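Thanks for coming. I have one structure to go through today, so please have a look at it on the screen.

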Amino acid sequence: MNSQLAPYLYYLPRPNENQNQIVTIINNQRTTVFEVDGFEERIYCQNLCYIAKLFLDHKTLYFDVDPFLFYVLCEVDSRGFHPVGYFSKEKYSDVGYNLACILTFPSHQRKGYGRFLIAFSYELSKKEERVGSPEKPMSDLGQQAYKPYWASTIIDFLLNQSTESSLSIMDISKRTSIMAEDIVFTLNQLGILKIISGIYFIAAEENMLRKLAKKYPVKNPRVDASKLHWAPFMTDVKRDKFSIYSKKPTVDKTNGGGDEKKVP
């Protein structure tokens with residue numbers, strides 16, 4: 001990394017400083033994620049945006065970082081914390097976005113950190129008890145990152161985490177916090193979604209799902225949700241259309257259930 005960028009990257013305070021602005025929210029032996037409030041740390045967050053602009057052609061710069069939270073992934077060693085990537089999200093999104101911009105610094109790519117940050121954004125959505133989606137329209141790089149993540153997460157859920165005899169698109173959405181339209185898109189891309197008379201059917205036997213699981217495995221590093229120490233901004237769930245509690249069941253039990261999926 002260019003030495004001229006170092007002061008912008010390593011401005012991050014240690015965890016025992018400014019606890020109310022920057023909080024350690026997940027820990028393991030190698031990595032830590034810090035939450036940085038754009039309102040409290042404007043200069044630092046603006047510098048993150050400037051760095052992202054160096055490597056993302058589609059990145060749009062805004063001086064107003066107040067409405068955003070930034071999540072900075074750091075490698076940890078005996079010398080301290082070393083930023084390797086970040087993503088930002090709006091404190092509250094009217095359209096359900098749980099990620100605005102994501103970047104893994106070039107010197108730390110091909111380590112799985114991009115997928116880790118994507119998975120982390122959905123773990124935050126689960127804590128918020130909301131469904132979420134990345135900011136649209138996505139760039140080509142964004143699609144390359146999200147499509148494998150959505151595929152591996154949904155296939156793993158269908159194979160290993162779902163015990164229900166009948167399951168709807170909305171049920172998958174509630175459990176994974178992936179927005180229903182992204183689930184429909186992913187299943188269609190995988191070729192296992194059929195639409196008959198306006199009703200969705202997942203047409204895949206277990207053997208096919210296992211083949212797809214080999215093609216789209218859940219990769220490391222993974223987010224350990226048990227180590228996620230974080231509380232979301234409070235919202236009125238009755239008025240929040242992206243809250244999982246506002247999602248109505250979509251399986252018609254009177255028609256026999258099964259793998260029947262109605263249009264959300």
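I will go through the cores, then the annotated site, then some backbone details.

First, the provenance. This is a predicted model, where local features need pLDDT of at least 70, side-chain atom pairs count only at pLDDT 80 or more, and totals for chains, interfaces and linings use all residues. Residues are numbered from 1 along each chain as its sequence is written, and side-chain values use heavy atoms, with hydrogens and water left out.

The cores, then. By nonpolar core I mean a set of buried Ala, Val, Leu, Ile, Met, Phe, Trp, Tyr and Cys residues joined through side-chain atoms within 4.5 Å. Buried is under 20% relative accessible area, exposed is over 50%, and partly exposed is in between, with a 1.4 Å probe and protein chains only. The largest such core holds 43 residues, and Y71, F120, L158 and L187 have the most contacts inside it. Among the elements giving two or more residues to this core are strand 3 (68-77), strand 4 (80-90), helix 3 (113-128), helix 4 (140-161) and helix 7 (206-215). Helices and strands here are DSSP runs numbered from the N terminus: H or I of at least four residues for helices, E of at least two for strands. Which helix gives the largest share of this core? That is helix 4, with nine residues. There is also a second, separate core of 18 residues, including Y44, I51, V72 and Y86.

Next, the annotated site. An unreviewed UniProt entry places the feature "active site" at E135; positions from UniProt are in the numbering used here, feature names are shortened, and annotations may be inferred rather than shown by experiment. E135 sits in the loop between strand 7 (133-134) and helix 4. Leaving aside residues up to four places away in sequence, E135 touches Y97, L99 and A100, with contact meaning heavy atoms within 4.5 Å.

Now the backbone. Most residues other than glycine have a negative phi, and most peptide bonds are trans. K136 and P137 are joined by a cis peptide bond, omega about -5 degrees, and P137 lies in the loop between strand 7 and helix 4. Another cis bond joins N220 and P221, with omega about 0 degrees; P221 is in the loop between helix 7 and strand 10 (260-262).

As for phi, E129 is not a glycine, yet its phi is positive, about 60 degrees. E129 lies in the loop between helix 3 and strand 7. S197, also not a glycine, has a positive phi of about 55 degrees, and at 73% relative accessibility S197 counts as exposed.
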